[in-house]
Amino acid sequence: MKRRGDFKKMIWIGVCTLLMTSCEQPDGEAAFINTNEQAGFMSTTGNSDEYVEDKIGSEVPLLHRRLDGNLSEKEASARFDVAVVEYMSRNPKQEKAVSTEWYFRIATYTGTQSDNGTDGEVRASAYFKTDKGTYNFQNIVLNNPGDDHEIGKWDYYLFKASMPGQAVNSVEIKSTSIQLKGTDGWFVKQFHTYMVTSDQTVPATGATNLYTFPNVWLDNTCANCWDTYRVRGGYGKLKF
């Protein structure tokens with residue numbers, strides 16, 4: 001009887017050993033974790049966790065204003081107009097038929113619900129078509145630490161672009177993108193890139209814009225990753 005009991009005991013030990021071995025990962029490899037299912041991950045773009053090589057230099061705004069989210073887009077834009085007029089008064093218009101530079105605006109509106117705002121790094125890009133060729137204005141900084149992308153707020157920015165050594169007769173906005181770095185998610189309700197004649201330092205006519213209503217979460221599962229919302233199909237042309 002004792003011999004039979006020892007035999008049963010040995011079989012049971014063998015079964016347990018096999019079960020434990022089957023649960024181990026080969027060579028100490030950690031079990032696979034789907035990081036997209038981590039609590040708090042919100043991205044809805046399909047472009048999250050991208051590695052973007054750091055670029056030398058960046059394009060910083062000439063002017064930034066954070067405006068109350070209770071304002072309509074028209075009201076917020078009108079208030080930014082006042083700030084731009086004051087800024088541009090230091091850059092008087094010149095009588096020329098072409099321009100060696102152009103000014104454009106970017107506006108964002110952050111969602112109004114819990115955790116919609118972010119303190120993460122935000123950047124953008126804008127692709128222009130001119131009569132002298134195309135120009136990609138990259139690495140645009142939309143980031144004033146602790147001062148933008150707050151819940152239910154508008155953020156307006158003014159930028160200046162130019163094609164080195166070229167004077168252009170016309171400019172069109174053809175595509176834009178906006179990016180968030182890190183894990184502090186951001187819900188972007190509106191993202192607009194546009195040009196108006198009153199911002200230019202030489203006489204201009206027409207307008208060009210790319211107004212979008214993303215209503216998307218930008219988010220990542222790693223601190224040094226980027227999530228991107230891209231859009232194409234601008235409208236209109238601004239002529240000098």
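Modeller: Asp81, Arg105 and Asp199 are linked in a network of salt bridges. This is a predicted model, where local features need pLDDT of at least 70, side-chain atom pairs count only at pLDDT 80 or more, and totals for chains, interfaces and linings use all residues. Residues are numbered from 1 along each chain as its sequence is written, and side-chain values use heavy atoms, with hydrogens and water left out.

Colleague: Why is the contact of Arg105 with Asp81 called a salt bridge?

Modeller: The term needs a side-chain nitrogen of Lys or Arg within 4 Å of a carboxyl oxygen of Asp or Glu. The closest N and O atoms of Arg105 and Asp81 are 2.7 Å apart, so the pair meets the rule. Arg105 sits in strand E2 (residues 102-110) and Asp81 in helix H2 (residues 73-88), 24 residues apart. Helices (H or I, at least four residues) and strands (E, at least two) are DSSP runs, numbered from the N terminus.

Colleague: What makes Arg105 buried or exposed?

Modeller: Buried means under 20% relative accessible area, exposed over 50%, partly exposed in between (1.4 Å probe, protein chains only). Arg105 has 1%, so Arg105 is buried. Asp81 has 30%, so Asp81 is partly exposed.

Colleague: What does the salt bridge of Asp199 and Arg105 tie together?

Modeller: Their side chains meet at 2.7 Å, N to O. Asp199 lies in the loop between strand E7 (186-195) and strand E8 (205-212), so the pair ties together parts 94 residues apart in sequence. Asp199 is at 1%, so Asp199 also counts as buried.
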